[in-house]
Amino acid sequence: SLSKLQLKTGDLDPRLFSRLRHLQKLDLSDNLLDKFPNSLTLPDLRVLNCSNNKLEDVTALKQFPLLEELTYENNVYLTLNDDYKVMFLLQNLRLLNGKDITKLAKHVRHVNTRKLTSKVTAHWEKFFRDQLPEKYTAEQVKSIKKKFLKSVQTNVVYGPSSLSEFTRWRVKMIAEEFLANSLGLELNSDTEPEEKTDENEEESTESPREAAEDVAQVGDFSSYISNVTVTPSKRKRNHSKSSPGNKRSKTQTKTKEETEEDVSAEPLHFLQCHSKGNSREDFKTQLWSCVFEPVLDSGARKDPIVNSSRTVATCGGESVCLIDCETGTVLKKYKVATEEFFSVAWTTLTMVTSDSRKKAHNILAAAGRRGIVKLIHVAADFCYGEIKAHKKPIATVCFSPTQETHLFTASYDKRIALWDIGIPDCDYNFKASQLLVLETASIPLRIALVPTCPEQYLLAGCEGGCFVWNIKLDKGQKSRPFEAIFQFPDEESMTTAHRVDGLAFLNDDVIVSKSSKPGCIYLWSWSRSFDAKGKGCQQTMSAVILAELEWSTTDMSYLTLSTCPAKEYVFCGDEKGSVWMYNLSSYTTAWSSAKGKRSERRISPTQILKWPELRVNGEQPPEILVNNVVADPAFTYLVVLTSVNITAIWKKS
């Protein structure tokens, strides 16, 4: 056991390890390894644990051909593609991360290889065979080999897109073997070129995530989709478990939304990971909140997609899940049987380790019906504490962007509390304290800190209007009434009395809010609406409207909106499973000018992503409401949370 020794790759000296001819079990967990040296040898190694490291690649593990059990959980750079690589490379592997993968590994080594070999051969026969003259020079062989390897990796596609990296890796390997065996020999292969079809292959009888599936039996929806009609995507994806010979046509119809602007997003995954009691029949659990994990250290991450985190926390029902958006893998799941979670929020705390070193860690706060905030140190898989914040349910939580230990909780008890959650020591002892209580006249639903002064003003969308509080801590009183309430245009006049169930900042000044007025989302200016010099509190101020966004005419409440400030986008789901997307980059400059006038006409959505035709066990799910939709900061992924226990993940091409 060499666990917890702060070992780096350079500390594994091949001269020493190659002498351990009979070593069978090796534990390298909880270290700092980013790769394995290629020549450790260890010819008799059967069990290897390298969990909680920083491994970026698994191919060096092929030097341990007798390996039967392998564990590498919590290596954040490893994905489902790496699981498939080790299943192929290690012929004796039985257990991967504690799960029996014998059946799936057999499929990967044999069925997958057979299919890909057949496709690679067909690609050569169809496009390259005739390019090689009967008598060829070494230069010609080199040139055609280079072209063929590039072409075959681009064009041979098989299985789900979440495994495309593994497929490219195998295709390259197979193509190189094929060329080695064929070139220099007569090129008269007997292989019949396979019929060129586009269907998702029938061998995907096992869900692509079966090997790495969450303990909670994540329902893999891609197994059940029978005919996905995806409006905005360039390529129609078909994830069905089709039987041999079940080839579907792939025609794509354009809709009017596509002609407006096509951001080319396509659905990657449909997950059912919040089921009550892990039941696959649960299409009732409502999913409410999701938020992308902050990137701790983007320096070591070579994958360009990961500059912006691809890990998202989602909550609904009794559980909180951590999902890798690219692979659709549920990385972690936290469950409280008596809870219904409504909100999650991230912060990054600098904690002191047992050897007195400082290290940044992401902490997740989750809260809901019981009025309790759970504090989870995600990397350690540990819920280290709770704060009994309110006697009634907590609707939403958010951390201060400037004070990492400051957490706001908004509750059905008509109060918003500010807590200092403290920093846990190396034994997870921590001390939480309440700093402020903001009195609200009605139940707070959404809260937002003003970006230009997050330590001074907090906005809340409530059942009875939109309010602002002064939250500066140097003011004596701990319990505070609201500073102002905003009024908005109504049919004839201005009104303050309306439910505000969507609230977010698009940039430092522009607020996006959604009220119970059907079919309308307002954009308004913070600096022009709020008069900081106003005398006294509980004043009424008129929201200075910059524009209205056209949205569904439903009177359904609690379908909330979100923004992606870096890309100047607003997102809001509707009562039919669609996502309305607004690209406002062409408007913001005009709004920020001193004379910024209101846009007279309503702004139409740039695009509407339609809910795909999704069949679950052969049936269309019931009415689908989109409760929340959130993009990562770089707008690579869009996570859609529904009322039917389905998390949909879209990816922007």
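Asparagine 74 is partly exposed, with a relative accessible area of 28%, where buried means under 20% relative accessible area, exposed over 50%, and partly exposed in between (1.4 Å probe, protein chains only). Asparagine 74 sits in the loop between β3 (69–71) and α2, and has a positive phi of about 60° although it is not a glycine. Most residues other than glycine have a negative phi. Tyrosine 428 is also a non-glycine residue with a positive phi, in this case of about 65°, and its place is the loop between β18 (415–420) and β19 (433–439). With a relative accessibility of 21%, tyrosine 428 counts as partly exposed.

The structure is a predicted model, in which local features need pLDDT of at least 70 and side-chain atom pairs count only at pLDDT 80 or more, while totals for chains, interfaces and linings use all residues. Residues are numbered from 1 along each chain as its sequence is written, and side-chain values use heavy atoms, with hydrogens and water left out.

**The chain as a whole**

The chain has eight helices and 37 strands; helices (H or I, at least four residues) and strands (E, at least two) are DSSP runs, numbered from the N terminus. Of the 653 residues in the chain, 55% are buried. Among contacts between residues at least 6 apart in sequence, 57% join residues at least 24 apart, contact meaning heavy atoms within 4.5 Å.

Two residues illustrate such links. Lysine 8 belongs to the segment before α1 (14–17), and, leaving aside its neighbours within four places in sequence, it is in contact with Leu32 and Leu33. The C-alpha atoms of lysine 8 and phenylalanine 36 are separated by 9.7 Å, with the two residues 28 residues apart along the chain. Threonine 540 lies in strand β29 (residues 539–542) and counts as partly exposed at 48% relative accessibility. Apart from neighbours within four places in sequence, threonine 540 is in contact with Ile485, Gln487 and Thr496, and its C-alpha atom is separated by 9.0 Å from that of glutamate 483, 57 residues apart along the chain.

Two packed helices are described by the angle between their axes and the distance between the axes. Here axes are lines fitted to C-alpha atoms, for helices over the stretch in contact, and angles run from 0 to 180 degrees between N-to-C directions.

| Helix pair | Angle between axes | Distance between axes |
|---|---|---|
| α3 (residues 102–128) and α4 (residues 138–155) | about 125° | 11 Å |
| α4 and α5 (residues 164–182) | roughly 145° | within 9 Å |
| α3 and α5 | about 60° | 9 Å |

The angle of about 125° between α3 and α4 makes α3 oblique to α4; angles under 35 degrees count as roughly parallel, over 145 as roughly antiparallel, 65 to 115 as roughly perpendicular and the rest as oblique. α3 passes α4 in a right-handed crossing, a crossing being left-handed if the near helix is turned anticlockwise from the far one by less than a right angle, and right-handed if clockwise. On the α3 side the contact is made by Val120, His123, Trp124 and Phe128, and on the α4 side by residues including Ile144, Phe148 and Val152. By class, this contact of α3 with α4 has six nonpolar, three polar and one charged residues, where Ala, Val, Leu, Ile, Met, Phe, Trp, Tyr, Cys and Pro count as nonpolar, Asp, Glu, Lys and Arg as charged, and the others, Gly among them, as polar.

The crossing of α4 and α5 is right-handed. Lys145, Phe148, Leu149, Val152 and Gln153 in α4 meet residues of α5 that include Arg168, Val171 and Leu179, and the residues of this contact of α4 with α5 divide into seven nonpolar, one polar and four charged. The buried residues of α4 are Val141, Ile144, Phe148, Leu149, Ser151 and Val152, and they pack against α3 and α5.

The crossing of α3 and α5 is likewise right-handed. Among the α3 residues in this contact are Val108, Leu116 and Trp124, which face a set in α5 that includes Phe166, Ile174 and Phe178; by class, the contact of α3 with α5 has 10 nonpolar, five polar and one charged residues. The buried residues of α5, among them Trp169, Ala175 and Ser182, pack against α2 (80–89), α3 and α4.
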